[in-house]
Amino acid sequence: MANILVVDDSSTVRDEVAGFLKRNGLDVATAVDGKDGLAKLLADPQIKLVVSDVNMPNMDGLTMAEKIRGQLNNKTVNIVMLTTENSPIMKERGKAAGIKGWIVKPFKGDAVLATFRRLVEA
Amino acid sequence: MITDRAKAGFDRLLVASLKSGMSAGGASVRVGAVGSLDRIRENKIVVLTVSSYLFRAIAILYFRPDAATRAWFDRNAEEGAPALADAEFLDRVAECGNVCCGALNRELGAFFPHVGMSTPNIIDKDCMRYADLLACSLTKHYEIVLEGGPTLFATLCVADYGLVDFHVDPSAEAAVDTGELEMF
């Protein structure tokens, strides 16, 4: 059981983000792409926050977010994108899918930890 | 056709992207131009593209999977941690290329809102012998000197499909604060 799901096709990013959150007392699961993310989220109802890359093979992060709200009908899990992208067009698509926030890589854990805790406890 | 000022813009943006992307973790980075591929002895490359209907920019980061390069990409490991496996090392280099090219993509997005970026691919440097087939209007090579680490190299190739013209203000700072959470 985890309360944060980190979705990224890069093992470097998965290890970095999940490692930081675990060292700070959070329970974290990981997924390698959007398809894997959907499956992990479906299997674990304790997940309260999804932190996801955008550009990934098999299924990108924005499509995954749309499927979380649509296909899985999960309207409550918080979704934050962690990506090198900063395109207004992508952000608008994310907002339409109900994502909560956007972080431009590289990940700086100290800058987001308090907010992540709040999103998990909400 | 790529105008001279657009060529200068691509050059400035790539240098700034390499400096910001390679310095993650606080290392000092110096980026300078090199004349040809002849100086580049690295045998692997990370390839990423930033594409639009007007151009395709190909960013290439050369590296050698030797001890010095592995040590630099593992410099933040905890004491006593096992050495990087091959797959982990390659993923770190690929992610480094992803962050550098991501910065280039964001800056180009200010001029060309429709640009899109690929995911990174690692291939042999020998593939560069086919780069001429891309008929690029701009090809430039760079040396990246990492403080306390190896010297890496990069190439930027840009193929155009129409008039490419934009101007980068040399005094302008990058527009994005990385790592900050923007809440919606």
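In chain A, residues A:G34, A:G37, A:L38 and A:L41 of helix α2(A) meet A:G61, A:T63, A:M64, A:K67 and A:I68 of helix α3(A), where two residues are in contact if their C-beta atoms, placed from the backbone, lie within 7 Å. This is a predicted model, in which local features need pLDDT of at least 70 and side-chain atom pairs count only at pLDDT 80 or more, while totals for chains, interfaces and linings use all residues. Residues are numbered from 1 along each chain as its sequence is written, and chains are lettered from A and ligands numbered from 1 in the order in which they are written.

By class, the contact of α2(A) with α3(A) has 4 nonpolar, 4 polar and 1 charged residues; Ala, Val, Leu, Ile, Met, Phe, Trp, Tyr, Cys and Pro count as nonpolar, Asp, Glu, Lys and Arg as charged, and the others, Gly among them, as polar. Helices (H or I, at least four residues) and strands (E, at least two) are DSSP runs, numbered from the N terminus.

Axes are lines fitted to C-alpha atoms, for helices over the stretch in contact, and angles run from 0 to 180 degrees between N-to-C directions. Two helix pairs are set out below.

| Helix pair | Axes come within | Crossing angle |
|---|---|---|
| α2(A) and α3(A) | 9 Å | roughly 30° |
| α1(A) and α3(B) | 8 Å | roughly 90° |

The pair α1(A) and α3(B) is therefore roughly perpendicular, whereas α2(A) and α3(A) are roughly parallel to each other; angles under 35 degrees count as roughly parallel, over 145 as roughly antiparallel, 65 to 115 as roughly perpendicular and the rest as oblique.

An open sheet of 6 strands, with mixed pairing, runs in the order β2(A)-β1(A)-β3(A)-β4(A)-β5(A)-β8(B), and two strands pair if DSSP finds at least two bridges between them. Its edge strands, each pairing on one side only, are β2 of chain A and β8 of chain B, and the twist from one strand to the next averages 20°. Within chain A, β1(A) and β3(A) run parallel and are joined by 4 bridges, with A:L5 having A:V50 as its bridge partner in β3(A). Helix α2(A) lies across β1, β2 and β3 of chain A at about 165° to β1(A), while α3(A) packs on the sheet by touching β1, β3 and β4 of chain A, its direction making about 175° with that of β4(A).

Strand β4(A) also holds A:L82, which is buried, with 24 other C-beta atoms within 10 Å; a residue is buried if 20 or more other C-beta atoms lie within 10 Å of its own, exposed if 12 or fewer, and partly exposed in between. Leaving aside neighbours within four places in sequence, the contacts of A:L82 are A:V17, A:V51, A:S52, A:D53, A:I103, A:K105 and A:F107.

**Where chain A meets chain B**

Across the interface, 26 residues of chain A are in contact with 23 residues of chain B. The largest share of the chain A side, 4 residues, comes from β5(A), and by class that side has 12 nonpolar, 9 polar and 5 charged residues. Strand β5(A) pairs with β8(B) in the antiparallel sense over 3 bridges, and A:W102 stands opposite B:E182.
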